[in-house]
Amino acid sequence: MKPIRRLLVANRGEIAVRIARAAREGGIVPLGIYSEADAHAYHLEFMDDAACVGPAPAAESYLDIARVIGAARELRADAVHPGYGFLSERAPFARAARDAGLVFVGPTPEAIAAMGDKIEAKRRAREHDVPVVPGYDGADQSPAALRSEAERIGTPVLVKASAGGGGRGMRVVTDLAQFDEALESAKREALAAFGDDTVLLEKYLVRPRHIEFQILADTHGNTIHLGERECSIQRRHQKVVEEAPSVALDAELRERMGAAAVRAARSVGYTNAGTVEFLLDANRDFYFLEMNARLQVEHPVTELVYGLDLVRLQFAIASGARLDLAQRDVVPRGWAIEARINAEDPGNGYLPATGTIVRFEPPAGPGIRLDAGVRAGSEISIHYDSMLAKLIAFGPDRDSAVARLSEALETFRIDGVRTNLPLLLGIARNAAFREGNTTTAFLVEQAGLIDGSAEEPQEAALIAIAAVLSDPRAWRVGHAGIPVRLAGTRRTFAVTGSQRGDETWQLRGDPSGEFELDVAGDRIVVRMEGKRFAGHATVDPSGVAVVYDARSYRFAFAPPPALGATGGTAAGLGAIVSPMPGKIVKVEVRPGDTVLERDLLVVLEAMKMEHRIEATRDGVVKSVAVAPGALVAGGATLVELEA
Ligand code: ADP
């Protein structure tokens, strides 16, 4: 036994906070790291000491093995926990930690190397009688060989980075004519994210469920599973909502899949906590996808249902303790559901959002757990993951867990940065979700949830306008009207408001009419044309955040129309602008090219993902303002189409 006394938490955000809390509970001193951009980050509040590991880009700080090991030395750590993401599944890091005499809270470098490579992991799984998704994982990586294998497998076929994770380096091909572009783009994303562009091909299963098993293995040969989690609700192949247990499993299937998961873990001599992922089809056939050699984002749902603390168990295993749990002792109790709160815009291709959180008011109550990585004042930059927090609801059964989740999401307030809270609430209220009718195609099939979260009703806009007009900081000159221009997701609300009495205003523009306001703090009641509606609104330097009818909306202050412009907005004139700051990785068009609406113009990399910038209409390219490698600001013109 080698007890841990001082633990370096080699991560940031909510998982760093989670691990630091568990350390303190266990009498272990938590020690942190941070990049220059994170000098005031929330996770540092939970550390006894911390060291800077370099500049903002993760590659130069959180991913720099030498610097992280250097920080461990400087802070006199005797162990390191990698969290998830960053260095968690990099075998060289686990090896460097071991070489530096540190206890690595995770599996051995050998197990990480075997499982981190999807091709190698599938080979081992097959050898141990674990069914895998059919496809191609051979050595010949030439585009011609891959293309002919794709033809053999048939569409839809999935191109997948062997080193992949987080849905990156993955492309679904439904028409083989698009295979070459998909292969090239998957390889490019994989190389940028993982430094390795080896790919495998898999038959793309239609409407499967994602079911994964939590594994715990000690260093004395005991390997058990802690049941399943269902993580079918995904966007861009990344999990959004996860739960334990799954409605799709009965005791018999749980036992069969659990046994296969334990075999997969044993195939690499796995130790510590890990997760074996499967897809389950409508015939109840299951296929091994991969094993994640680390703690998962969604581990809390297992903790709540099994009454265990996985991080503390990780410490114990890493110190050499024997598991004092037998498979038969592991019995689920109740139901837990986790929702990931991300800074992103579901109505706009899940584009990551940046900014400063001006208000952060999480819900509380029975059966509610919040694992947050931010607080009011936190800066959300383009450098790191867009996940802000995880809300986990627990109840004696699934219905009560869903009800608690829904209620908690309704009262969660985050202002300053756009989040997916409205979408999460839509999911919690959705009939198919409530029935447990979920597959990985859920968010595509329930597209109405996403549109519904994007389009704001006029009532929400009126509450926002009321908040601006009644803001004591508003610009007032005598009796002249106050101009207000607020941009929603699809349209701009432009009015001039003139005060008629204490509470009465006349609005001219869109919308127009007379309305009465009743303002108490951020609660606003509006009466207009015999109707009464109420909501909450806060004004910040960039816009107004509104909660109306249990949904949140954000309106940005819109610039006045350009003088002399005849064609309307800038976009109407043909400028295609960057939706956010990022790096140009590919330019697909040249001046003079004819493009059709939705044709690919430019590929932008932001927050570690590639984003397709497409033509907003048919036209001819007038000019191209960027070249590959260029860094662009949000709003920068990328391509101009002829007017
Ligand atoms: P990553 O390591 O990037 O998370 P995974 O292999 O774990 O990639 O897959 C992530 C998700 O992508 C799965 O949960 C599933 O929704 C989808 N997926 C992966 N492989 C397949 C497949 N062969 N057929 C259908 N969906 C798949």
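**Gly 416**

Gly 416 lies in the loop that links strand S23 (413–415) to helix H12 (421–429); helices (H or I, at least four residues) and strands (E, at least two) are DSSP runs, numbered from the N terminus. The model is predicted: local features need pLDDT of at least 70, side-chain atom pairs count only at pLDDT 80 or more, and totals for chains, interfaces and linings use all residues. Residues are numbered from 1 along each chain as its sequence is written, and side-chain values use heavy atoms, with hydrogens and water left out.

Gly 416 counts as buried because its relative accessibility is 14% (buried means under 20% relative accessible area, exposed over 50%, partly exposed in between; 1.4 Å probe, protein chains only). Leaving aside residues up to four places away in sequence, Gly 416 touches Thr 356, Val 358, Asp 540 and Arg 554, where contact means heavy atoms within 4.5 Å.

**Domains**

The domain assignment gives domain 1 (6–105), domain 2 (134–203), domain 3 (355–449), domain 4 (458–557) and domain 5 (575–641); such bounds come from an automatic or database assignment. The centres of domain 4 and domain 5, taken over C-alpha atoms, are 35 Å apart.

**Helices H1 and H10**

Helix H1 (residues 13–25) packs against helix H10 (residues 310–318) at an angle of about 65 degrees, and their axes are 9 Å apart. Axes are lines fitted to C-alpha atoms, for helices over the stretch in contact, and angles run from 0 to 180 degrees between N-to-C directions.

On the H1 side, Arg 18, Ile 19, Ala 22, Ala 23 and Glu 25 meet Leu 310, Val 311, Arg 312 and Phe 315 of H10.
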